[in-house]
Amino acid sequence: KLHSDLDKGVGTVKYTLSGDGAGTVFTIDETTGDIHAIRSLDREEKPFYTLRAQAVDVDTKKPLEPESEFIIKVQDINDNEPKFLDGPYVASVPEMSPVGAYVLQVKATDADDPTYGNSARVVYSILQGQPYFSIDPKTGVIRTALPNMDREVKEQYQVLIQAKDMGGQLGGLAGTTTVNITLTDVNDNPPRFPKSIFHLKVPETSHVGSAIGRIRAVDPDFGKNAEIEYNIVPGDGGNLFDITTDEYTQEGVIKLKKPLDFETKKAYTFKVEASNLHLDHRFHSVGPFKDTATVKINVLDMDEPPVFSKPTYTMEVYEDTPVGTIIGAVTAQDLDAGSSSVRYFMDWKNDVDSYFTIDATEGTIATNELLDRESTPQYNFSIIASKVSNPLLTSKVNVIINVLDVNEFPPEISVPYETSVCENAKPGQVIQTITAADKDLSPAGQRFSFKLSSEASNKPNFTVHDYRNNTAGIETRRNGYSRRQQELYFLPVVIEDSSYPVQSSTNTLTIRVCRCDSEGTIQSCNVEAIFLPVGLSTGALIAILLCIVILLVIVVLYVALRRQKKKDTLMTSKEDIRDNVIHYDDEGGGEEDTQAFDIGALRNPKVIEDNKIRRDIKPDTLRFTRHRPPAEDNTDIRDFINQRLQENDVDPSAPPYDSLATYAYEGNGSVAESLSSIDSLTTEADQDYDYLSDWGPRFKILADMFGEESYNPDKVT
């Protein structure tokens with residue numbers, strides 16, 4: 001209630017209210033100043049309100065007093081129960097934990113005012129979950145209440161927790177939550193076999209390494225505490241089998257280590273031990289954490305393939321052994337009760353297998369071709385054996401045949417040697433060490449001997465010193481060698497091997513004489529170096545060679561000039577001999593060659609100069625100038641000869657003997673045709689030589705020889 005000292009109770013004063021909650025939560029009577037709450041209040045929502053009040057004159061609306069501020073505080077009552085804000089809870093505790101083992105702490109919150117009364121004082125209790133767990137009433141800590149709780153008996157527990165305010169007194173409000181508690185596993189149980197004997201049946205054809213059976217020990221623990229390790233106890237049959245653990249099922253997987261044979265042994269018995277891998281020392285007093293069971297294995301008889309007597313066969317044979325020679329045999333047997341017969345055959349893979357054959361019944365291996373150790377020293381192939389009663393059952397064995405060497409190749413010098421000897425070599429000096437090689441392979445190792453051939457032993461140049469270790473040295477026997485006398489020496493060396501029969505070969509070693517310094521270092525082995533000992537240097541030799549070349553050039557030039565001069569003299573001398581001697585200085589290509597010279601000059605006399613003087617006599621001062629009338633193109637040879645004959649007849653300066661005229665006519669086959677009558681189609685009787693009488697007295701002899709003779713039968717004999 002608000003009241004102003006200026007209020008006389010006559011209604012002249014008006015009260016106003018402003019501030020937090022004015023008009024919504026609180027209201028004021030304007031005349032009396034009474035303040036009322038117009039709705040219910042919640043301390044947990046808003047614990048106090050700050051308001052302002054003022055007295056105002058009704059008529060003037062002016063404040064009669066300054067504005068005053070006051071606080072309205074909401075008083076708490078127990079209207080809120082405790083709440084578990086983090087519930088429900090999940091917790092775990094190891095099994096077999098002792099009493100009082102910590103599990104979890106819970107906490108409840110009460111919204112009431114903790115400073116006013118007991119409205120916010122909470123007390124905890126267990127409504128469900130006893131007698132396994134307990135809780136501290138003040139702190140809310142949950143602990144185990146029973147010892148040796150076993151996870152294998154009960155693993156999950158649900159505990160109901162209550163929190164009550166007012167200190168747990170009657171009338172207090174309460175809240176609850178659930179705590180789910182799980183017992184975690186510890187290794188408190190050993191593995192146990194569900195039965196003491198396990199029976200397994202295994203075929204004798206089972207492969208080594210294959211799984212032949214499974215056994216299992218039971219461990220009620222969980223996770224790594226249930227991991228089991230299996231071991232075979234040493235004893236009967238334990239060395240034929242092995243056991244491993246399946247990490248998913250924790251079963252013991254029995255595997256075969258060695259092949260089984262029903263005919264050898266039909267049953268095996270051994271013990272298997274199962275134990276935990278991860279032990280807990282707190283439970284050692286419980287007893288040993290392992291168990292043992294007996295495993296009995298019965299071997300089942302199966303139809304098996306033949307078995308060879310050896311895993312691998314190795315044989316030897318000499319090269320060049322005749323075809324069909326037996327070199328060995330393989331043997332396979334059927335060990336089953338029926339004991340079937342066995343057949344053998346080659347496992348053909350390549351052409352190498354064709355060198356041998358095998359007897360299908362006896363298993364003997366023989367050569368099928370001639371063998372050569374130098375070509376193939378070893379053969380490797382397979383033999384297959386099958387049962388007659390069941391050909392599908394086969395077995396295979398590897399056969400190795402080594403080809404033994406027969407001494408058939410002579411030893412030879414291993415590499416070609418380039419041997420040289422100094423001119424100043426001393427007797428007994430080793431100039432070359434040689435080795436030998438043999439294509440044959442001796443079982444005891446190769447042993448070679450070296451010596452000179454019989455024809456070389458008497459020569460005092462070189463000798464061979466056998467070192468008895470498959471090497472030999474070439475030694476000098478003379479005091480110095482001369483390249484001028486002999487540049488190359490050919491030394492025949494005989495090499496023999498030690499095998500039977502003894503093989504030998506003669507190898508020729510070429511030895512070159514070289515110039516060396518005083519220390520024996522080779523300086524030159526070239527041919528031109530032979531002249532060096534004369535005392536001339538290389539420069540002097542080059543100068544001499546140049547001089548020789550220059551002299552040769554001068555001689556060649558001189559001969560060429562002489563030949564040219566002689567040719568000019570010959571031409572001058574020929575001027576005094578005949579008229580028409582023409583030198584072509586060219587050898588023709590035969591009668592068929594029409595391109596070697598221009599025959600037009602022979603057929604066209606126009607090319608001859610009109611003022612050409614005669615060359616067969618010395619010209620006089622008053623020389624008669626002859627003018628040769630030009631001939632027509634393509635005139636006949638006979639007309640040309642007649643024209644020249646006429647010119648000579650009327651020439652007063654011509655000598656009284658026949659003139660030598662060279663016409664340079666090639667003969668048969670030319671364009672101008674032949675002037676000879678040797679190959680003429682007509683006979684001599686068909687020719688008319690009467691025109692020779694018309695040529696003058698100088699052709700009288702020809703006219704008489706070829707003129708027409710009168711037939712006189714009296715002269716015919």
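These legends describe close-up views of a predicted model of one protein chain.

**Figure 1. Overview of the predicted chain.** The model is predicted. The chain has 717 residues, and 34% of them count as buried. Its secondary structure comprises five helices and 37 strands. The exposed surface comes to about 44400 Å². Carbon and sulfur atoms supply 53% of that surface. Among contacts between residues at least 6 apart in sequence, 65% join residues at least 24 apart.

**Figure 2. The disulfide of Cys422 and Cys516.** The chain has two disulfides, and this view shows the pair Cys422 and Cys516. Their sulfur atoms sit 2.0 Å apart. The pair links distant parts of the chain, 94 residues apart. Cys422 belongs to strand β30, residues 419-422. Cys516 belongs to strand β36, residues 504-516. The torsion about the S-S bond is about -80°, so this disulfide is left-handed. What is the relative accessible area of Cys422? For Cys422 the value is 8%, and the residue is buried. Cys516 is buried as well, at 12%. Both values fall under the 20% cut-off for buried residues.

**Figure 3. The disulfide of Cys514 and Cys525.** Here the sulfur atoms of Cys514 and Cys525 are 1.6 Å apart. A disulfide requires cysteine sulfur atoms within 2.5 Å, so this pair counts as one. Cys514 lies in strand β36. Cys525 lies in the loop between β37 (522-524) and α2 (538-573). The link therefore ties together parts that are 11 residues apart in sequence. The angle about the S-S bond is 110°, and the link is right-handed. Is Cys514 buried or exposed? Cys514 is buried, with a relative accessible area of 0%. Cys525 is partly exposed, at 22%.

**Figure 4. Pairing order of the bonded cysteines.** Count the bonded cysteines along the chain, and the disulfides follow the pattern 1-3, 2-4. Another joins Cys514 to Cys525. Strand β36 holds Cys516, and strand β36 also holds Cys514.

Figure 5. Where does Asn479 lie? Asn479 is in the loop between β34 (471-476) and β35 (488-497). Its relative accessible area is 58%, and the residue is exposed. Exposed means over 50%, so Asn479 passes the cut-off. Which residues does Asn479 touch, not counting residues up to four places away in sequence? Asn479 touches Ala425, Lys426 and Pro427. Glu423 is 56 residues from Asn479 in sequence. In space, Asn479 and Glu423 are 8.7 Å apart, C-alpha to C-alpha.

**Figure 6. A nonpolar surface patch.** Four residues form this patch: Ile544, Leu545, Ile548 and Leu552. Together they have about 370 Å² of accessible area. Leu552 is found in helix α2, which spans residues 538-573. Leu552 counts as exposed, at 53% relative accessibility.

**Figure 7. The side chain of Cys547.** How accessible is Cys547, and what is its relative accessible area? The value for Cys547 is 47%, and the residue is partly exposed.

How values were computed: Residues numbered from 1 in each chain as written. Predicted model: local features only at pLDDT ≥ 70, side-chain atom pairs only at ≥ 80, totals over all residues. Heavy atoms only, no water. Helix = DSSP H or I, 4+ residues; strand = E, 2+ residues; numbered from the N terminus. Buried < 20%, exposed > 50% of the residue type's maximum accessible area, 1.4 Å probe, protein only. Contact = heavy atoms within 4.5 Å. Patch = residues over 30% accessible without salt bridge, like charges linked within 9 Å, V, L, I, M, F, W, Y side chains within 5 Å. Areas by Shrake-Rupley, 256 points an atom, 1.4 Å probe, with all protein chains shown as cover. Salt bridge = Lys/Arg side-chain N within 4 Å of Asp/Glu carboxyl O.
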